[in-house]
Amino acid sequence: MNKRYIFTFSPDIVNRPIVSEIAKHYDVMVNILNADVTSGREGKLVVELEGADGNIVQSLEYAKEAGVECVPLEKQLQFDQDQCVACGSCTAVCFSGALMMDADSWELLFDPEKCVVCGRCVKACPLQLFRIAMEE
Ligand code: SF4
Ligand code: SF4
């Protein structure tokens, strides 16, 4: 099982190493795709959990009991690459590195594995080539 979640930490638990506790206690690999965490403020992580189904369920229960809000990332970005004119506007707003210009060809490269479905590129593209849809 391999599933993405948004973990939200309230200010009082933002410094607690809950992600490493999950990995240690439940044999779940936690891949952090994006992080917005500052001491003393609410924090958000986009994580991919990889492991046995039961272990992931248990690790999510552990995180929730510790006070973490765990919301599955069920949306995906759809992209009409054939229409792209490589203007680069979307790369300027994509903080996860999912959208980049190829240094040699100056074509747009899209890596869906890095996309955290924040929607910034949807607003940035003058040709409206991005769309957010629910995962099937
Ligand atoms: S939705 Fe767009 S801007 Fe946001 S991470 Fe995905 S590709 Fe980048
Ligand atoms: S903003 Fe739209 S047209 Fe410009 S590079 Fe990105 S996808 Fe292509």
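Tutor: Let's start with pairing: two strands pair if DSSP finds at least two bridges between them, where strands (E, at least two residues) and helices (H or I, at least four) are DSSP runs numbered from the N terminus. Here, strand E1 (residues 2-9) and E4 run antiparallel and are joined by 4 bridges. One of these links Ile6 to its bridge partner Val71 in E4.

Student: What should I know about the model and its numbering?

Tutor: This is a predicted model, in which local features need pLDDT of at least 70, side-chain atom pairs count only at pLDDT 80 or more, and totals for chains, interfaces and linings use all residues. Residues are numbered from 1 along each chain as its sequence is written, while chains are lettered from A and ligands numbered from 1 in the order in which they are written.

Student: What is the strand order of the open sheet with E1 and E4?

Tutor: The order is E2-E3-E1-E4, and the pairing is antiparallel. Strand E2 (29-36) and strand E4 (69-72) stand at the edges with a single partner strand each, so one side of each has no neighbour in the sheet.

Student: Which residues surround ligand 2?

Tutor: A residue is near a molecule if its C-beta atom, placed from the backbone, lies within 6 Å of it. Among those around ligand 2 are Cys84, Cys87, Cys90 and Cys125.

Student: How does that shell divide by class?

Tutor: Ala, Val, Leu, Ile, Met, Phe, Trp, Tyr, Cys and Pro count as nonpolar, Asp, Glu, Lys and Arg as charged, and the others, Gly among them, as polar. The ligand 2 shell has 10 nonpolar, 2 polar and no charged residues.
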